[in-house]
Amino acid sequence: MKLKSHLLTTTLFAAASLTAVLAVGAAQSAEALGSQGVLLRTADLPQASRVALQSAISADQAKNPELYQTVAKLRGCTPAGYADRRRPMAECGREMRLMGPQARWALVTALAFDAPRTAEGRQPYVSDSDKAAFIRGAVETLGMLRDPTLSPVLQAAFLQQDSQFFEVAAQAVGRTATDSDLALLTQSARSSNPRQAAAVSGLGECKRLDSAKTLAQHLQGRTAAPQLVANALGRVASAWAWQALVRVNPSVQAEANQVRELVANALVRGLVQHGDAESVKQLTNGLMMTEWPQIPALLDSAAAGQDAAVQARLAEAQRRFVDYSKR
């Protein structure tokens, strides 16, 4: 009887201990899900990504705790900080970029896990507009790293509900340029929704052939905002940007040429279709950004058989392109 009583007591104690461990784990998970950064709730992140990000952040906090305090002490988004620099408004993206790539996890934490605050309780912003500038700076800085591991955070930033951050988040997603990023921006650009214009802008930062094709189709479909699409086309085909990418990775040279040629043709067709002043300006600027050498010939070919107004704007585009090419 004593043996049975001992076994029963041991079993009950083990069960109680397991229940307590599970309860603590559940409480910690609930606490993590209930946490919030300056833009996102932790629960806004996909579960698998959230676990991976939390693991990366924990390891980084143990290794570089000072970075998290540095993020909380930035001055560019405080009135005292931008007054010292004689700026009319908050801007702390430059400070964030100067911290270098090693600050990525501190910025992710600030955005989605724990709003920045020093040990003394100070925040790196005061007003709502200063806070918004901090968010824009953090999202832009993370996008410029072009790090695929940050994609879930940047996509969540794009999908959150505050429209003032749609465009900066879309551009950050475009710079990261994973297959998932491209799919999200393409879907958002092709359907009428509050994020459509931002998605078009984001595709302009996505240096991939499929992004250029989507934008070209959008322009050819007689979009209601051709000037926005033309601007994005110019950026996606920017000769300067592609030259920088090719220096880092020579294997993208063929794609660079494909994108620049495709966009040059799309912009020339756009000049035939769209005659309002702003669209003509953006379409012509886009042609110059591509620096595609065959543009004069494309413009000559497109002008054949067109009315006087179309021929005039094609001729002006050619004049500007030739002048630009001489610089």
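## Close-up views of a predicted helical model

**View A. Leaving aside neighbours within four places in sequence, V126 is in contact with C77 and P79.** Contact here means that heavy atoms lie within 4.5 Å. The structure is a predicted model, in which local features need pLDDT of at least 70 and side-chain atom pairs count only at pLDDT 80 or more, while totals for chains, interfaces and linings use all residues. Residues are numbered from 1 along each chain as its sequence is written, and side-chain values use heavy atoms, with hydrogens and water left out. V126 sits in the loop between α6 and α7 (128–144), and with a relative accessibility of 63% it counts as exposed; exposed means over 50% relative accessible area, buried means under 20%, and partly exposed covers what lies in between (1.4 Å probe, protein chains only). Although V126 and C77 are 49 residues apart in sequence, their C-alpha atoms are 7.9 Å apart in space.

**View B. The whole protein has 18 helices and 0 strands.** Helices (H or I, at least four residues) and strands (E, at least two) are DSSP runs, numbered from the N terminus. Of the 327 residues of the protein, 47% count as buried, and among contacts between residues at least 6 apart in sequence, 69% join residues at least 24 apart. The mean pLDDT is 88, with 88% of the residues reaching 70 or more; pLDDT is the predictor's confidence in each residue, from 0 to 100. Over residues 1–32 the pLDDT is below 50, and this stretch has 2 contacts in the model beyond near neighbours in sequence. Where pLDDT is low, the predicted coordinates should not be read in detail.

**View C. F134, V139 and F158 touch the most other members of the largest nonpolar core, which has 89 residues.** Such a core is a set of buried Ala, Val, Leu, Ile, Met, Phe, Trp, Tyr and Cys residues joined through side-chain atoms within 4.5 Å. Helix α6 (residues 104–113) supplies the largest share of this core, 8 residues. When neighbours within four places in sequence are set aside, the contacts of F134 include V38, V71, L74, C77, C92, M96 and A110, together with P116, P124 and Y125.

**View D. F113 in helix α6 is a buried residue with a relative accessible area of 10%.** Not counting residues up to four places away in sequence, F113 touches a set of residues among which are S35, Q36, G37, T42, L45, R50, L53, Q54 and I57. F113 and R41 are 72 residues apart in sequence, yet from C-alpha to C-alpha they are 6.8 Å apart in space.

**View E. Helix α11 (residues 196–205) is largely enclosed by the rest of the structure, because 8 of its 10 residues are buried.** These buried residues are A198, A199, V200, S201, G202, L203, G204 and E205, and what covers them includes α8 (151–159), α9 (166–176), α10 (179–190), α12 and α13 (226–236). T214, which lies in helix α12 (residues 209–220), touches L203 as well as T186 and R190, not counting residues up to four places away in sequence. T214 is itself buried, with a relative accessible area of 8%.

**View F. Helix α17 (residues 295–303) packs with helix α18 (residues 308–325) at an angle of about 170 degrees, their axes lying 10 Å apart.** Axes are lines fitted to C-alpha atoms, for helices over the stretch in contact, and angles run from 0 to 180 degrees between N-to-C directions. The pair α17 and α18 is therefore roughly antiparallel, a term used for angles over 145 degrees, whereas those under 35 count as roughly parallel, 65 to 115 as roughly perpendicular and the rest as oblique. From α17, the residues I295, P296, L299, D300, A302 and A303 meet Q311, L314, A317, Q318 and F321 in α18. By class, this contact of α17 with α18 has 8 nonpolar, 2 polar and 1 charged residues, where Ala, Val, Leu, Ile, Met, Phe, Trp, Tyr, Cys and Pro count as nonpolar, Asp, Glu, Lys and Arg as charged, and the others, Gly among them, as polar.

**View G. R146 has a phi near 50 degrees, a positive value in a residue other than glycine.** R146 is found in the loop between α7 and α8 and is partly exposed, with a relative accessible area of 39%. A177, in the loop between α9 and α10, has a positive phi of about 60 degrees although it is not a glycine.
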